[in-house]
Amino acid sequence: MALRMLDQSVRPFRPSGTVPMRQLTYFNAAVSDELRRFLAGTLAKQLDNFFRQIDGARFENGTDPVTALSDLTAVLLAAERSMADLAAVVDQDYRFWEEGEA
Amino acid sequence: MSRLGVATAAALATMLVCMPVRPAAAQDSTGAALVARVGSLHAGLDAVRRALEDPETFNHLIDRLAGSDSGGWRLLQDLHVKFKTFETADGNTRGLGFSYGFDKIVQQQAFDTAGTAYTGLDFHLQSAGNVAFRSAINPRDFLNTGATLALQRSRGGATPTTEAEQRTIGELEQKLALYESEAEIRQSPELRQYLEIVAPHLGTQLALELGASAKLESDQKFEQKQYAYAAQLGLDLKAWNRSSTLARWNLVDWPAAILRYLSGTDPRFTPRGSTIPTVRLAMARVDPSENDGREALGVTSSYTRFNLEAAYRSLVAHVGDGDFFIESDLRWYHELRAPSVIRAAGLDEFTYFAAALTSTQGPFVSYSSGRLPLDAAADRVYELGWKLDF
């Protein structure tokens, strides 16, 4: 739902696993690589804000802000990486309330 | 003058996959059968030849390798390669090529991560460009390779929810994840409740990047090259809350907002603050070590160059299972206090503009004009096509 609320994709969760990053709103194919890195970094930070401030997620043991942002940015920079890849990184770095945080 | 096209080959892939292979024992030894076999062999070879000429064959291979968990392919995960068909404007000359981008963070450290704040420093290596196997047909013959030290700072974007709200949000997200279509989600009571809780907690994010870089700019043969040492500033303002003043008055997004409203994507006219254009400014000292254009004019000394890039992308319609986007990018390079001979030759300023209407379903229309530093001539390119993924 974070991607929906951040205007990146309105696709339902279940069928969207194979959707590549280039089909999200932030991914502008025309920009220079320097600008794309900056755009991906901004969205990575806002995803982190969403997970930790709104969803109430915490970092998994061994993960810190630098690691989480670096992992998110790496996926967002790769045009062909999928939503499933992004979800895997989120699952690896964040613990949500249903995972024992409540 | 040339144009860059992206070719696709879903049908060809299908042909390769579905090509019949019969056991030898079942073959007839008559002349007709032999002719048929030779014809089949020719068709097969032709299909293979066409596959090898098609950029999507290589893109598919790269994707498979980059997706591999094997440590040996870690380089490919930082190196993004896209094979393309390069074609001259008259359509008489075509050839394979690729665009590439490499981006690797070497060192990274955060100084402030409290709440929504982030201040950090990173050092990364970057390389990007277009390479045609026949360089004469490369439309954007500009390679950029270097290192950047960047200080990043981000503030705002969200306010914290309460524990009770977090529990409700989690429950609603689990229910919403079960829906199979966008229409079902949009009409669901869970979404209404989710928006009531979450939307007020979205705010405005300001991201800044202050960097210093050293880069080599060249053509693909490295016959033309220059070194650029730059200080750069990136500005990215995002009003994630659609009710905010910044979002409502994001005039750049008004045309897209009208299209979203007319297509039924948005129930009301709703400009988005998440699409406020991103801007990057740079002031560079350029050493034109091997630049034929400047050498011919007898001007080989270093000069100062200002560079601006601004980019915008927004959804214009969500139809069926597909999204339609409009995107644009403007790059402007201007030499400060350029000598009159440089100005007269038109080498003091380079402007490049690209805009496209793209879709996740395939069709796209794009336009680009202008030139980048080291491009031989200004170019104007129109593209109309259909991109398929396989």
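Two residues are said to be in contact when heavy atoms of each lie within 4.5 Å. In this predicted model, Leu76(A) touches Met21(A), Tyr26(A), Phe27(A), Ala40(A), Leu43(A), Ala44(A), Leu47(A) and Leu86(A), residues up to four places away in sequence being left out. Leu76(A) belongs to the largest nonpolar core, which holds 43 residues; Leu76(A), together with Leu47(A), Phe50(A) and Tyr94(A), touches the most other members. Two or more residues of this core come from each of helix 1, helix 2, helix 3 and helix 4 of chain A, and from each of helix 5 and helix 7 of chain B. Another core, of 12 residues, lies apart from it and includes Val299(B), Ala338(B), Phe350(B) and Tyr352(B).

Helix 7 of chain B spans residues 189-198, and its buried residues are Glu190(B), Leu191(B), Tyr194(B), Ile197(B) and Val198(B). These buried residues line one face of the helix, because they fall within an arc of 130° when seen down its axis. On the other side, Pro189(B), Arg192(B) and Glu196(B) are exposed. The buried residues pack against helix 1 and helix 2 of chain A, and also against helix 5, helix 6 and strand 6 of chain B.

Tyr194(B) and Gln226(B) are 32 residues apart along the chain, and their C-alpha atoms are separated by 54 Å. Gln226(B) is found in strand 7 of chain B, which covers residues 225-239. Because its relative accessibility is 1%, Gln226(B) counts as buried, the limit being under 20%. Beyond four places in sequence, the residues that Gln226(B) touches include Lys215(B), Val286(B), Tyr303(B), Arg305(B) and Leu374(B).

Note on methods: Residues numbered from 1 in each chain as written. Chains lettered and ligands numbered in written order. Predicted model: local features only at pLDDT ≥ 70, side-chain atom pairs only at ≥ 80, totals over all residues. Heavy atoms only, no water. Helix = DSSP H or I, 4+ residues; strand = E, 2+ residues; numbered from the N terminus. Buried < 20%, exposed > 50% of the residue type's maximum accessible area, 1.4 Å probe, protein only. Arc of directions from axis to C-beta. Core = buried A, V, L, I, M, F, W, Y, C linked by side-chain atoms within 4.5 Å.
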